[in-house]
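Good morning, and thank you for joining this meeting.

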Amino acid sequence: MAIEIPRSARIYVAGHRGLVGSAIVRRLRAEGFENLLTAPRSELDLRDQSDVNDWFRRHRPEYVFLVAGTVGGILANSTRPAEFIYDNLMIHATVVDAARLHGVRRLLYLGSSCIYPRECPQPIREEYLLTGLLEPTNEPYAIAKISGIKLCQAYRRQYGCDFISAMPTNLYGPHDNFDLQSSHVLPALVRKFHDARAEGRDEVTVWAPAPPGASSCTWTTSPTPASS
Ligand SMILES: NC(=O)c1ccc[n+]([C@@H]2O[C@H](COP(=O)([O-])OP(=O)(O)OC[C@H]3O[C@@H](n4cnc5c(N)ncnc54)[C@H](OP(=O)(O)O)[C@@H]3O)[C@@H](O)[C@H]2O)c1
């Protein structure tokens, strides 16, 4: 259901420096929303419930975009699974509960397409959630994201909170993370092909840590095959 948010509403964008958060801030400003609330991580660690409650008490947001989280690609998910599950579980829990406590009118939480089973029929439909095993490399992250969706549903059912979730697929754009150790596949490919062109290389290694017995995947960047 579409709702009209008054231009003067106090809108909190949690994660405003990130890829999604910065895009939301740009769009809201362009649409004439002037009362935007943001807090850098150095000022407010969203994993800390009492700090989050205190921040909500002082700033009284009416609408919340919950787009903060520990986010990354295959390598980051594989090597930092504890951070991916702990940080995301905590961030959703603190912000959703503070939003209820302080009477937030509507909250949007972002899940991710990786919450669906690895062998999900295509195209993915909402009802496929929790019908099969997850992709193992990002299972901790996916479980945290599923818990965030269920958290919003539970707060709606028990407390009548207007908290909703949306599931984006892979995203990329301005202010993305282009770090090759932690980025998602799309920004990593953009970075690798950009660097190859800038350095005059005609090959790009798409994925370096090859499994035992297999070679990594190499693409040519020019229309003609590489000579080596
Ligand atoms: N990117 C994608 O392809 C994609 C796909 C599907 C779903 N999503 C979802 O979309 C949301 C946003 O993703 P994104 O790609 O925009 O991520 P991002 O660029 O990494 O931004 C994450 C934001 O969260 C903030 N943050 C992280 N931990 C925090 C903490 N403990 N306290 C306060 N702030 C914290 C970061 O602050 P700093 O700037 O200080 O680091 C950053 O502003 C996430 O929920 C993600 O699951 C993303």
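Helices here are DSSP runs of H or I with at least four residues, strands are runs of E with at least two, and both are numbered from the N terminus. With that convention, Leu130 falls in the loop between β4 and α5, and I shall return to this residue towards the end. Please keep in mind that the model is predicted.

Let me begin with the whole protein. Its secondary structure consists of six helices and seven strands. Read from the N terminus, the order of elements is β-α-β-α-β-α-α-β-α-β-α-β-β. Along the principal axes, the C-alpha atoms occupy a box of roughly 65 × 40 × 35 Å. The protein has 228 residues, of which 38% count as buried. It exposes about 13,400 Å², and 53% of this area is supplied by carbon and sulfur atoms. If we take the contacts between residues at least 6 apart in sequence, 62% of them join residues at least 24 apart.

The largest nonpolar core contains 36 residues, and Tyr12, Leu46, Phe56, Leu107 and Phe163 have the most contacts inside it. Two or more residues of this core come from each of β1 (11-14), α2 (49-59), β3 (63-66), α4 (81-101), β4 (106-110) and α5 (139-159). Another core, of 13 residues, lies apart from it, with Ile5, Val13, Val25 and Phe33 among its members.

Which residues does Tyr12 touch, leaving aside its neighbours within four places in sequence? Its contacts include Leu37, Leu44, Leu46, Trp55, Phe56, Tyr63 and Phe65.

The next topic is the ligand. There are 25 residues around the ligand, and those that come nearest are Leu19, Val20, Arg41, Tyr141 and Lys145. By type, this shell divides into 12 nonpolar, eight polar and five charged residues. Taken alone, the ligand exposes 900 Å², and the protein buries 89% of that. The elements giving two or more residues to the shell are α1 (19-30) and α5.

Finally, I come to the backbone. Most peptide bonds are trans, and most residues other than glycine have a negative phi. Where is the cis peptide bond that I wish to point out? It joins Gln122 and Pro123, with omega about -10 degrees. Pro123 is placed in the loop between β4 and α5.

Leu130, in the loop between β4 and α5, is not a glycine, although its phi is positive at about 60 degrees. Is Leu130 buried or exposed? Leu130 counts as exposed because its relative accessible area is 57%, and the cut-off for exposed is over 50%. Arg60 also has a positive phi, near 50 degrees. The loop that holds Arg60 runs between α2 and β3. At 41% relative accessibility, Arg60 is partly exposed, since that class spans the values between 20% and 50%.

How values were computed:
Residues numbered from 1 in each chain as written. Predicted model: local features only at pLDDT ≥ 70, side-chain atom pairs only at ≥ 80, totals over all residues. Heavy atoms only, no water. Core = buried A, V, L, I, M, F, W, Y, C linked by side-chain atoms within 4.5 Å. Buried < 20%, exposed > 50% of the residue type's maximum accessible area, 1.4 Å probe, protein only. Contact = heavy atoms within 4.5 Å. Near = heavy atom within 4 Å. Areas by Shrake-Rupley, 256 points an atom, 1.4 Å probe, with all protein chains shown as cover. Nonpolar A, V, L, I, M, F, W, Y, C, P; charged D, E, K, R; others polar.
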